[in-house]
Amino acid sequence: MSIIYKICDVAIWKAAEESRVFSGAGIDLEDGFIHFSTASQVEETARRHFRNRSGLVLVAVATDGLDIAWEPSRGGELFPHLHSDLPVASAISVTPLICDADGVPTPEGGYRDL
């Protein structure tokens with residue numbers, strides 16, 4: 001099983017849990033696909049795109065059964081994208097993020113534990 005990660009507002013994720021499907025947030029809806037990061041990419045994603053934002057969660061997603069496309073993004077690095085809705089049942093954990101001293105949303109224990 002491979003695991004990928006999504007950072008999003010807790011309110012958006014709670015709405016997805018109620019409907020059992022996550023259609024994306026913000027840039028996902030604009031781009032027409034859901035942006036994810038790998039364990040090695042997610043800290044930089046948090047730093048670049050979510051600095052100084054509160055009320056965020058880190059959703060760990062099992063890729064089994066999902067049609068993940070690996071596409072170039074930041075610096076040509078391949079990132080996991082999903083060109084359809086995400087069944088909430090694919091989430092294996094949801095972790096609150098708290099900004100560290102630099103304003104980077106971080107899970108308790110940091111990103112090393114992913």
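Between which helix and which strand does the loop that holds Arg-20 lie? Arg-20 is found in the loop between helix H1 (10–19) and strand E2 (21–22). Helices (H or I, at least four residues) and strands (E, at least two) are DSSP runs, numbered from the N terminus.

The structure is a predicted model, in which local features need pLDDT of at least 70 and side-chain atom pairs count only at pLDDT 80 or more, while totals for chains, interfaces and linings use all residues. Residues are numbered from 1 along each chain as its sequence is written, and side-chain values use heavy atoms, with hydrogens and water left out.

The chain as a whole contains three helices and nine strands. Followed along the sequence, these elements give the pattern β-α-β-α-β-α-β-β-β-β-β-β. The radius of gyration of the chain is 13 Å, close to the 13 Å that the globule rule gives for 114 residues, so the chain is as compact as a globular protein of that length. Here the radius is taken over C-alpha atoms, and the globule rule is 2.2 Å times the number of residues to the power 0.38. Along its principal axes, the C-alpha trace spans about 35 × 35 × 30 Å.

Of the 114 residues, 43% count as buried. Buried means under 20% relative accessible area, exposed over 50%, and partly exposed in between (1.4 Å probe, protein chains only). Among the contacts (heavy atoms within 4.5 Å) with a separation of 6 or more, 74% come from residues 24 or more positions apart.

Asn-52 lies in the loop between helix H3 (42–49) and strand E4 (56–62), and at 60% relative accessibility it counts as exposed.

The cysteines form another topic. The structure accordingly holds zero disulfides, a disulfide being a pair of cysteine sulfur atoms within 2.5 Å.
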